[in-house]
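Here is a friendly note to read with the model open beside you. Take the points in order and find each residue as you go.

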Amino acid sequence: MEAAAHNSEAVDWPRSFTFFGIQAIAVGGLFFFEFSWSALALVLASYYVRMFGITGGYHRYFAHRGFKTSRWFQFVLALLGTSASQKGVLWWAGHHRDHHKYSDMPEDIHSPKRGFWWSHMGWIVCPRYEETPVDRIKEFAAYPELVWLNKHWVVPPFALAVIFYLTGGMWALYWGWAVGTTLLWNGTFTINSLSHVWGSRRYQTTDTSRNNPFLAVLTMGEGWHNNHHHYQGTANNGFFWWEIDMTYVILRGLEKVGIVWDLRTPPAWVLEGRRRKSGPKGEALVGYVAPESAPSAEASEVQAPPRAA
């Protein structure tokens with residue numbers, strides 16, 4: 001019975017009460033907290049700063065190793081991503097690697113082929129995927145500080161809520177934390193639920209990924225999802241200059257001051273949609289995710305330990 005409960009795909013209501021409660025407060029609070037431009041500014045700041053923690057940190061660094069950085073900034077990225085309250089960094093990145101390996105297949109943890117509800121948030125509130133797939137994220141599981149943060153992932157969002165309250169009272173707690181976090185959850189989840197069904201396809205990938213400029217603005221570049229599924233191990237999802245990718249813009253800025261380096265970008269044969277003619281054993285590996293660490297064999301090198309702070 002325990003195994004059946006652990007593998008259940010039904011909503012785990014005791015564990016998900018806070019998740020749904022915060023969203024209910026965000027909606028209900030609109031009747032009690034007056035809207036203002038300062039409230040909007042706080043919501044946008046809370047949303048986009050933490051969105052970068054997800055896109056630049058959880059996704060492009062930890063899940064796909066699209067660039068390199070020092071150990072201290074690696075922790076900053078993990079901390080910022082964790083403040084978005086989307087579970088631990090190792091949990092998120094490990095499951096995301098599985099998403100790419102099995103994209104739109106039965107093993108895909110949030111395939112839209114199972115419906116909007118499941119792909120948007122059903123998968124994250126059920127017991128089946130509660131455990132961290134450590135074997136998928138071994139290179140980062142070697143850092144004790146990341147293991148601690150992954151285990152105690154509720155600490156950063158709780159601390160952020162306290163900071164909002166202490167600096168701006170209930171007004172800041174509501175707009176900056178409750179509303180900001182609710183929008184952040186649903187904004188991030190649109191990549192799972194909408195970017196495989198809404199948009200255009202430049203590349204013929206083995207899944208249903210699509211490019212969507214609206215979602216790209218909403219998620220700081222993640223909406224160029226067909227690009228990303230075509231070639232995953234890059235620091236940029238917007239492959240061409242007209243594809244707005246604010247995560248990559250920020251990473252380029254951090255590169256200029258030496259905080260990050262070795263930003264990977266797609267080579268010409270990838271941009272043109274051609275298969276690589278030469279490579280390890282001659283295989284064409286576009287869209288492939290290596291099982292334990294690398295986003296794709298041709299798109300990454302062995303991850304060296306981050307430089308000491």
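1. Contact here means heavy atoms within 4.5 Å. Helices (H or I, at least four residues) are DSSP runs, numbered from the N terminus. With that in hand, look at where α3 touches α4: V49, F52, G53, I54, G57, Y58, Y61 and F62 in α3 meet Q74, L77, A78, L80, G81 and T82 in α4. Sorted by class, this contact has nine nonpolar, five polar and no charged residues. Ala, Val, Leu, Ile, Met, Phe, Trp, Tyr, Cys and Pro count as nonpolar, Asp, Glu, Lys and Arg as charged, and the others, Gly among them, as polar.

2. A word on the source: this is a predicted model, in which local features need pLDDT of at least 70 and side-chain atom pairs count only at pLDDT 80 or more, while totals for chains, interfaces and linings use all residues. Residues are numbered from 1 along each chain as its sequence is written, and side-chain values use heavy atoms, with hydrogens and water left out.

3. How do the axes of α3 and α4 cross? They come within 7 Å and cross at roughly 125°. (Axes are lines fitted to C-alpha atoms, for helices over the stretch in contact, and angles run from 0 to 180 degrees between N-to-C directions.) That makes α3 oblique to α4; angles under 35 degrees count as roughly parallel, over 145 as roughly antiparallel, 65 to 115 as roughly perpendicular and the rest as oblique.

4. Now for charges. Side chains of opposite charge can pair when their charged atoms come close. A salt bridge is a side-chain nitrogen of Lys or Arg within 4 Å of a carboxyl oxygen of Asp or Glu, and the count comes to twelve salt bridges.

5. Find R60 in helix α3 (residues 37-63). R60 forms a salt bridge with E222, with the closest N and O atoms 2.6 Å apart, and another with D245, at 3.0 Å from N to O.

6. Are E222 and R60 buried or exposed? Both are buried, where buried means under 20% relative accessible area, exposed over 50% and partly exposed in between (1.4 Å probe, protein chains only). R60 has a relative accessible area of 1%, and D245, also buried, has 4%.

7. Finally, R15 forms a salt bridge with E130, the closest N and O atoms being 3.5 Å apart. R15 is exposed at 59%, whereas E130 is partly exposed at 25%.

Methods. Helices (H or I, at least four residues) and strands (E, at least two) are DSSP runs, numbered from the N terminus.
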